[in-house]
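Reader: I've got a new model open and I'd like to talk through how its parts pack. Can you take me through it bit by bit?

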Amino acid sequence: MEAANLYRLRKELENAGDTFTAAANCQIKANNDDEAGNTFVEAYKCYKSGTSPTKACESLKKAIEIFTRRGQFRRGANFKFELAEILEMDLQEYSKAIENYETAGDWYAQDQALALANKSYLKCADLKALDGQYLEACEVYSKVISNSLGNRLSQWSLKDYFLKVGLCYLAAGDNVAAQRTVSEALSQDPNFSNSREYDLLNSLVECCNEGDGEKLSAKVYEFDKFSKLDKWKTTILLKIKDSIAEADDDLL
């Protein structure tokens, strides 16, 4: 351990991580799993601060396995989320990131940490939608909505969650489910009817039913002037518009 910290002081982070990993493996052999879990975390920190995201992931996985085996699921959830972030941001391994975000969300939910569960589920659902898993994304967004109903801190975000569900259904070509989402949002969230998200989603459903891509573009442009669309929504909206264009081409 002392050698690992000396490497750390010299900013030889990969050597530090390798030394912490070796120490953790020795602790496991000595049946000192608690210490090994903490040492794997130290190895992870070194690898993450350096240029070894793959080794950082491996260290985190070993730490998480130890923590969860000992019933420390809240701590495991924290590191599951960090693992997912590395997989998404550094390694672009999106399918693995999705899986880890969802597991983190489940563990947080079991611990009644609903705000953290929602944060994890939203990351999971957003990535699923960008991967074309629209219906699966809707299922995860539904968990977020369920966790948020009646919660004063998150109720103001409900309009955005309902919009995301509706957009995913439209991207999947299920206009009926998108319309049903509008109806459910109106019944579950008393503020939704007065929101710009409601106006946009309702208009988009009409545009898709009519197969009118130009009208859709106009509605999106009008919304964007007052509420700037983020990259995720822009990407899904382009998919919806492309679907309308493809449907028009099929009719020719």
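Reader: What is the handedness of the crossing where H9 passes H10?

Author: This is a predicted model, so read what follows as a description of that prediction. Helix H9 covers residues 158-171 and helix H10 covers residues 175-188, and their axes come within 7 Å. Where H9 passes H10, the crossing is right-handed.

Reader: How do H9 and H10 run relative to each other, roughly parallel or roughly antiparallel?

Author: The axes of H9 and H10 cross at roughly 165°. Angles over 145 degrees count as roughly antiparallel. So H9 to H10 is roughly antiparallel.

Reader: On to H4. What distance separates its end C-alpha atoms, and what should its residues span?

Author: Helix H4 takes in residues 53-69, which is 17 residues. At 1.5 Å a residue they should span 24 Å. The end C-alpha atoms agree with that, being apart by 24 Å.

Reader: Which helices do the buried residues of H4 pack against?

Author: The buried residues of H4 are Ala56, Cys57, Ser59, Leu60, Ala63, Ile64, Ile66, Phe67 and Thr68. These pack against helix H2 (13-29), helix H3 (33-49), helix H5 (73-90) and helix H6 (94-110).

Reader: How do H4 and H5 run relative to each other, roughly parallel or roughly antiparallel?

Author: H4 and H5 have axes 9 Å apart and pack at an angle of about 160°. With the cut-off at over 145 degrees, that makes H4 to H5 roughly antiparallel.

Reader: And what is the handedness where H4 passes H5?

Author: From H4, the contact has Pro53, Ala56, Cys57, Leu60, Lys61, Ile64, Phe67 and Thr68. From H5 there are Phe73, Arg75, Gly76, Phe79, Lys80, Glu82, Leu83, Ile86, Leu87 and Asp90. By class that gives 11 nonpolar, 2 polar and 5 charged residues. The crossing of H4 past H5 is left-handed.

Reader: Which residues does aspartate 90 touch, not counting those up to four places away in sequence?

Author: Aspartate 90 is found in helix H5. At a relative accessible area of 45%, it is partly exposed. Threonine 51 is 39 residues away from it in sequence, yet the C-alpha to C-alpha distance is 9.9 Å. With residues up to four places away left out, aspartate 90 touches Pro53 and Glu85.

Reader: Which helices do the buried residues of H3 pack against?

Author: H3 has 17 residues and reaches 24 Å from its first C-alpha to its last, close to the 24 Å expected. Its buried residues are Asp33, Ala36, Gly37, Thr39, Phe40, Val41, Ala43, Tyr44, Cys46 and Tyr47. They pack against H1, H2, H4 and H5.

Reader: What about glycine 50: how far is it from alanine 245 in space?

Author: Glycine 50 lies in the loop between H3 and H4. It counts as partly exposed because its relative accessibility is 28%. In sequence, glycine 50 and alanine 245 are 195 residues apart, and in space their C-alpha atoms are separated by 47 Å.

Reader: I checked backbone torsions too. What is phi of lysine 11?

Author: Lysine 11 is in the loop between helix H1 (2-9) and H2. At 71% relative accessibility, it counts as exposed. Although lysine 11 is not a glycine, its phi is positive, at about 65°.

Reader: And where is phi of glutamine 112?

Author: Glutamine 112 is in the loop between H6 and helix H7 (114-130). It is exposed, with a relative accessible area of 60%. Phi of glutamine 112, a residue other than glycine, is positive and near 60°.

How values were computed. Residues numbered from 1 in each chain as written. Predicted model: local features only at pLDDT ≥ 70, side-chain atom pairs only at ≥ 80, totals over all residues. Heavy atoms only, no water. Axes fitted to C-alpha atoms, helices over the stretch in contact; angles between N-to-C directions. Helix = DSSP H or I, 4+ residues; strand = E, 2+ residues; numbered from the N terminus. Parallel < 35°, antiparallel > 145°, perpendicular 65-115°, else oblique. Left-handed = near helix turned anticlockwise from the far one by under 90°. Expected span 1.5 Å × (residues − 1). Buried < 20%, exposed > 50% of the residue type's maximum accessible area, 1.4 Å probe, protein only. Contact = heavy atoms within 4.5 Å. Nonpolar A, V, L, I, M, F, W, Y, C, P; charged D, E, K, R; others polar.
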